[in-house]
Amino acid sequence: MENINAQPQPRRARTSWQVTRSVWYGMFLREAISRTMSDRMGWFWMLAEPVAFVAIMAGIRSFISGDQLIANAPFIPWMIVGMMGFFLVREGMMRGMGAIEGNKALFAYRQVQPVDPVLVRNFLEGMLRSLVFLIFIGGGLMLGLELYPDNAIRAMWAWLSLWALGLGLGLVTSVASALVPEVGKIIRMISLPLLIVSGVILPLNSLPHWLLEYLMLNPIPHGLETLRLGFFEKYQVVHGTSMLYFWLFTLTLIALGLLMHLRFSDRLKAN
């Protein structure tokens, strides 16, 4: 006979990882709906921005004979690959800056930390940019462009590497812009010059060697050139390209960003 006086078994406390995973999942759904559903033009602009950029540069190409500037790679596919890789890094950095301010109300729950929205936004943005890149590859192949990667493993590795760089930049800039709002304005101002000096529009190989040495201190060209090499097997990458340098820089940024979030967590919640 069942013991009617039996006490209900207490629920086991969830582990820290289970709590964090639930927080990330809830925030991911919230961010995904906000990013794709709240603005009816959201998907349009994600596709229209790179399309417009390519169209403008293709028009300029007709005046500068761009095909002759790239060794062993057609100009338009070369530019599309570099542009999509750059946008992946840029959006990781820019979206990270607004992540803390956009989710400040959630910090009332002790389970939610300021670093959580930055990580979730970077993951979501990387997924969306990957989807847009696949759409570009499919559309380019239908139009007869050479957009199929010759070395898919190298291309995927370079893409994930650029994704990680965007995460590192987002972690650092999210704290810096939240504590000093002027930093966010400066970062937005340098996004266009950064596109130019990263070799997205024109190849860096055409620049003087003394200038190239300084430009290659920027880690973005290292990732973009490796991504392009994955698409065009015989492509001649810029002299000095090194994924070792790229990852040393990226891991340093990620570590610095996490330390900044740990150090200023209380101030980020209070601001």
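1. Helices here are DSSP runs of H or I with at least four residues, and strands are runs of E with at least two. By that assignment the chain, a predicted model, reads α-α-α-α-α-α-α-α-α-α from the N terminus on. The secondary structure therefore amounts to 10 helices and zero strands under these DSSP criteria.

2. As to burial and surface, the chain has 271 residues, of which 45% are buried.

3. Contacts in the chain with a separation of 6 or more are accounted for to 78% by residues 24 or more positions apart.

4. The largest nonpolar core holds 65 residues; those touching the most other members are Trp 78, Met 83, Leu 227 and Phe 231. Two or more residues of this core are given by each of helices H1 (16-36), H2 (42-64), H3 (75-102), H4 (115-142), H5 (152-179), H6 (181-197), H8 (220-231) and H9 (243-263). H3 provides the largest share, 15 residues.

5. Which residues does Met 83 contact, leaving aside its neighbours within four places in sequence? They are Pro 50, Phe 53 and Val 54, together with Val 200.

6. A further core of five residues lies apart from the largest one. Its members include Leu 204, Leu 212, Leu 215 and Val 238.

7. A general remark may accompany the two preceding topics. In soluble globular proteins, nonpolar side chains tend to be buried together.

Definitions and conventions
Residues are numbered from 1 along each chain as its sequence is written. This is a predicted model: local features need pLDDT of at least 70, side-chain atom pairs count only at pLDDT 80 or more; totals for chains, interfaces and linings use all residues. Side-chain values use heavy atoms; hydrogens and water are left out. Buried means under 20% relative accessible area, exposed over 50%, partly exposed in between (1.4 Å probe, protein chains only). Contact means heavy atoms within 4.5 Å. A nonpolar core is a set of buried Ala, Val, Leu, Ile, Met, Phe, Trp, Tyr and Cys residues joined through side-chain atoms within 4.5 Å.
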